[in-house]
Amino acid sequence: MKDTDIKRLLYTHLLCIFSIILSICIPSFFLENFSILETHLTWLCICSVFVTAVNLVLYLIVKPNASSKRSSISYKVTRFLKCCIYFLMSCFFFHVIFVLYGAPLIELVLETFLFAVILSTFTTVPCLCLLGPNIKAWLRVFSRNGVTSIWENSLQITTISSFIGTWLGAFPIPLDWERPWQIYLFIHERHTERQRHRQREKHRREPDVGLDR
Amino acid sequence: MRLGSGAFAACCVVIEVLGVALFLRGFFPAPVRSSSRAEQRAEPAAPEPSAGASSNWTKLPPPLFKKVVIMLIDGLRDDFVFGSKGVKFMPYTTYLVEKGASHSFVAEAKLPTVTMPRIKALMTGSLPGFIDVVRNLNSPELLEDNVITQAKAAGKRIIFYGDETWVKLFPKHFVEYDGTTSFFVSDYTEVDDNVTRHLDKVLKRGDWDMLILHYLGLDHIGHVSGPSSPLIGHKLREMDSILMKIHTSLLSEERETLVPNLLVLCGDHGMSETGGHGASSMEELNTALILISSAFERKPGDIRRPKHVQQTDLAATLAIGLGLPIPGNSVGSLLFPTVEGRPVREQLRFLHLNAVQLSKLLQENVPSYEKEPGFEQFKMSERLHGNWIRLYLEENNSEVLFNLGAKVRRQYLDALRTLSLSLSRQVAQYDIYSMLVGTVVVLEVLSLLLLSIPEALSNKAELEVPLWSPVFSLLFYLTLLVLSALHVIVCTSAESSCYFCGLSWLTAGGVMVLVSALLCAVVSALAKTFGDGKFLSKNPAHPKPRWSELDVLILLGTMGHVLSLGASSFIEEEHQTWYFLINTLCLALCHEIYRNCLLRDDSEPQQCPHVEEEFIRTAAALQDRSTGCDTLEPHGVSRSLTSLDTLRGYEKWMVLASPWVILTCCRLLRSLNQTGVQWAHRPDLGHWLTSSDHKAELSVLTALSLIVIFALVQRKCSLTSKVALALGLLGVYCYRAAIGNVLFPWQRDSKDISKGVIEARFVHVFVLGILFTGTKDLLKSQVIATDVTIKTVGLWEIYSGLVLLAALLFRPHNLPVLVFSLLIQTIMTKFIWKPLRHDAAEITIMHYWFGQAFFYFQGNSNNIATVDISAGFVGLDTYIEVPAVFLTAFATFAGPVLWASHLVSFLSSETSSGSALSHACFCYALICSFPVSAYIILVTSLRYHLFIWSVFSPKLLYEGMHILITAAICVFFTAMDQTNTKA
C-alpha cells in the first residue's frame, strides 16, 4: 500500500513539473514572440491553467482519499462551486498580503494579481483537490503532528515549500544587477518567474526524494 | 564575582563601544598629507629648467588676472547651467558659455559631496577624507596650504560674503566678510539677499583683489522641494542676473585698467534627484564650472563642449592665475585652456611649476615614486623643456621652436594627467593595527556574550563572571607579554602613522590588559560551557528545548540581516530587509494567534478534561516560577491556550484583527517616506505633504497626529504630566506654525517666519518637566519601596517625555510615524504580548525589530545625507555643539530609542518576574552587538571595495552611533533593574 502510494506520489510530482515545462515550450508554437521574460503575464496565465488542469486530472484519476459516501450530483456541484469560491478568495487574500508586503497598490496591479493566482495554484489547488473545501481539515494538516497519510504529508511539504520559495524570492529585490528579470517586478514580486520556477522545481523534487527512501 | 545578566550585558556593551571607537579611529585615517608643508612655505619657486643655458626666469610668474571673483552657488549641478534649465533660466550665462570669452567645464566632485569638504577641495586642491563629514558641523580652521592663505600672504585683499563655513575655515583671512548660517534650510531668499545686498557697494569700490560669494539658496530649495521644483527656476534666474551684474562691472573696470579680470562660476556639489546630496550619484558629483575673462579669446563659431575635469583642478588654476605658489597638497592639474592665450614659454613655465608640485607630493607619499609612470613622464618632459629653453635663448628658427614647444606641452599635459590620477588614487592607508585591536576587543566581548547565553537567560538571571581567577592565571600574563612585545615591534617598525601607537603607554597598556583579561574570560567560559555540556548530556532528565516557529523566524531573520550586510545593495536598501522582516513577523504572530484560537475551538469538546488539566498544571507552574520565565521552557500551544480563554468576545475579535491592523499601519508608513537609493526618487506621501500647495492638509494632519499622540500617551500618566503633555503638544503645533510649516486656522495671511525659538523652548521646558517628574517617581519608588505602580508611572512618564521631544523634533509630515508607532505599541501590548504571553527575550527582539523598522520609516537611510540636521537647531539661537549633537542624534534614532523605552516600561509594568528586565537587557545587548561585530569584520575585508566610501563607511558610522545608543539604553535598563531588585 505504502509503496504504491509513494510511486503514485512520485508520478504526480513528475507530471506537475512536466506540466510547468510544457507551459514554457508549448505556447511558443502557437503564440508569436512568446518568452518567459517579455510576455510574462501570458506565461503566468498559461502556467497556472496547466498546473490546475494537471492537478484536477490527477485528482480524478488517482483519487487519493476514499471519496465520500454521498455522491449525488447536487452535492458535487456545490462542492465544486465552493472550491471555486475558495480559490478566488485565496487569490484575493494573497493579493492583499502582497500589497501589505509592499507591492504597489495601483500600478502593476495585474502583475500582482497574477502572482497571487499562481501562488494559489501551487498551494490552494492541491489543498482543495486533496482535502476539499474543509477549513478544519486544512488547519489539521498544517498544524504540528496533524498529518495522517503520506498524501497529506506531501501536500504539507510542497505547500510550505512554495510559501518559503515565494518568501525567499524577494531576496534579489535590492540587488542592482539590472538583469531583465529584475526590471518589471516591484517590491515583493521582484521575485521572478525564472527564480520561482527554479524554486518550484527544486521544492517539488525534495519531498519525492525524501519519501522514496 | 556574581553579576546580574543585565549589568553584565551593559558592561559588555560599554567595552564594545570602546572597541568600536578604536576601530573607527583606525578606519577613518587622517588623510595623508605632504609632511612639513607649513614650514616650507618660504621655499623658492622651482626655476625654469634650462639644460645648461642660464634662464632669467627663476621667480614665480606674475599674476595673469588683476581681480578674481569667485561666485560659488551651493548645489549647482551641471545641467542647471548646461542643460535645458540653463537655456531657459540662465540666458546670460548660456550666452557666455556659447559665444562669450569663457571656458566651461563639468567639474567632478569627489566624495563626500558635502559643502565643507568641497570648499576645502576647491581651495586646497586636495582630497579631504571621509571623516570631514563628521567634522562638518563645527568646521575648524583650515591649516593646510591653500589658495586663500597664499593670497593673503601675498598681500591680496579678500572679501567674502556667504556661507559662514568659509569664515570658520579661514578666520582673519578676509578684510571684510558677512557670514550667513546655512542651517535654516527652509529659508532660501534671505540667505541670498544677505549676500547680494553688499554687491553694488563692493563692485564700485576698487580696493580688493579677490571677492568670494557663496550662495546657499539653491541648495536649500533642493533640500526642501527637490531639483524639479519651480523655485529652482526663479533662483537660477536670480543667479543669472547677479552674474550679469558682476560681469558687466568687471568689464567696465577692465576698460579703464586694461588688465584682464577673472570671474569663476562654480558649484561645490550637485543635487540628487531627491534634492539631497552627500552620496555618489552622477547628479551629485557633476558640478558646473565656468571661467570667464576677457583674456580668453574666442574665434566666432568656435563651439566648445564643456570638458570633464576634476574639481581639485581649480585650486592650481587659481594659484597660477593669481601668481601664487600652487598649494602643496593639491592633486589637481592646471586647467590648460586658461593659459592657452599666453606665449609658449609662459605656458611651459606654468605647466612645469604644476608638474614639479605634483611630483613632489608624489615623492612624499609613494615610496617607490621613481617607478610611477607619471614621474617618468615628468622627468622626460623636464628634459625636453630644458632643451627647448636653450633653443629659445639661442633664438633658433621659430618653426622648429614652435613644433618642439607643442611637443613639450603635450608631454607635460600627459605627465600632469598621469600624476594627478595616481595621486588621487593614492587613498590614505588604513590604520590596520588600530582596526585589529578594536576588532579583537569587539569579538571577544561578543563571544563572551554568546557563551553566557544559557546562564544569563536562566531563571536567576545571574551569572558567574570569572574575573579574578584569570587575572592571576598564567595565560593572562603570557598574553599580556606577547601583546606588549607585538605592540613594541609594530610601533617601532610602522612607517605610516598609527593612532594606537600614538596613544600614551598607560592607555595602550590598559587596552592590552583589557584584551588579555577578556581573552582569559572567554577561555574560561568556553571551558565551563563544555564541561557543563558534558554534564548535561549525561543527564537525560533535561529535555531538549522545542523551538516555536516564532523563535526560528527570529533567529533566521537576525542571521539573514547580518549576512545581508555584506552586499552594498542590501546596505543601501536595508529598509526593505526590515520591512520584510516585520511583515513576516506579523504574519507569524497572526498564524500563532489563529492556530491557538481556532484549534482550541475545535478541540474543546473532545479534549475538555485534558485542557482543564493542562490549565491547572500551567497555572501551578506559573505560580511556582513566579520569579522567572525561562526561554528554554518549551512554549507554544499549552502556554497560550489558557490565556486566550479568558478573553471576552469583542477582545477576542480584536486579538484576531490586530496583526492585520499592524500590517496596514506598516504599509501606510512605508509609502510615507521613500528611502534608500534605488527607489528614493519615487513619489511618496511625505513629498506630497511638504510641497507648498498642500499646507492646509499638512496642518490638519499635524493637528490630528498631535491629538492622537496625546490620547495614546496620556492613559498611564499622572495628572501633572497629563497637563504638561497637553501643553507641550500645543507648543509643538505653535512652533511648527511659527517657522511656517503649518497654518493656524485663524491666521490666513502669511506672517513673518521666525526661528520659533521661544515656542521650541516652551516645549523643551515641558519635556524636561515630564522627565523630571518621571525621575522623581522612580527615585521615590526606590526609597519607599512599597509600590510597584509608582515605578510604572515613573517609567511611563519618562517614555512620554521622550515622545513629546520626538514630536517636537520630527518634521511635521513625519508625525504620523510617531502616531503609528504609539498605536502599534498599544495594540501589541494589549492584544498580542499580554494574551499570548511571550517571554521577555521574544518581546525584546520584537521591540528591536520594530525599532529598526521605524528608524527607516522616519525616512532615514544608511546615507549621511538623510540625517536631518535642522533638528539640532530646534530651540537654539545659534549653533551650540552639545545640545545640537544630542538633539540631532535623538531625532535620527528616535525610532529605536522610543521602542526601547517602551520595552522598559512594558516589562516593568507587566511581568511579575524580577528577571524579565535583565533578560531583556541581555537580549538587547546581544542582538545589537551581533550586527556591529559582523559588520566590522565585513568592512575590514571589503576595505578596498569600490563603494567603501559611498556605501560602507556611512553605514559604519551609523552602526557606531547605534552601538553607542545601545550602550546608553542598556545602562538605563540596568539602572531600572537595580532599583527593581532593591525594591
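Which residue in β8(B) is the bridge partner of B:Glu108? In this predicted model, the partner is B:Asn286. Strand β3 of chain B covers residues 102-108, and strand β8 of chain B covers residues 286-292. Seven bridges join the two. The strands run antiparallel.

Eight strands of chain B form an open sheet. Their order is β5-β4-β6-β2-β7-β8-β3-β9. The edges are formed by β5 and by β9 (307-310) of chain B, each of which pairs on one side only. Neighbouring strands of the sheet are turned by 15° against each other on average, with direction ignored.

Chain B has 39 helices and 10 strands. The chain holds 983 residues, and 55% of them count as buried. Among contacts in chain B with a separation of 6 or more, 79% are between residues 24 or more positions apart. Chain B exposes about 41,300 Å². Carbon and sulfur atoms supply 63% of that area.

Most residues other than glycine have a negative phi. B:Lys172 is not a glycine, yet its phi is positive, at about 65°. The residue is found in the loop between α8 (164-169) and β5 (176-180) of chain B. B:Lys172 is exposed, with a relative accessible area of 76%.

A further feature involves both chains. The second largest pocket has a volume of about 2,100 Å³. Its lining consists of 43 residues. Nearest its centre lie A:Phe93, A:Phe94, A:Phe163, B:Leu587 and B:His591. Several helices each supply at least two residues of the lining. From chain A these are α4 (73-100), α5 (109-131), α6 (135-141) and α7 (150-168). From chain B they are α24 (549-564) and α26 (574-624). The helix that gives the most to the lining is α7(A), with 10 residues.

Note on methods: Residues numbered from 1 in each chain as written. Chains lettered and ligands numbered in written order. Predicted model: local features only at pLDDT ≥ 70, side-chain atom pairs only at ≥ 80, totals over all residues. Heavy atoms only, no water. Helix = DSSP H or I, 4+ residues; strand = E, 2+ residues; numbered from the N terminus. Buried < 20%, exposed > 50% of the residue type's maximum accessible area, 1.4 Å probe, protein only. Contact = heavy atoms within 4.5 Å. Areas by Shrake-Rupley, 256 points an atom, 1.4 Å probe, with all protein chains shown as cover. Pairing = 2+ DSSP bridges. Axes fitted to C-alpha atoms, helices over the stretch in contact; angles between N-to-C directions. 1 Å grid on protein atoms, 1.4 Å probe; cavity = no way out; pocket = protein on both sides within 12 Å on 5 of 7 lines; lining within 4 Å. Points joined across faces, edges and corners; volume = space filled by probe spheres on them.
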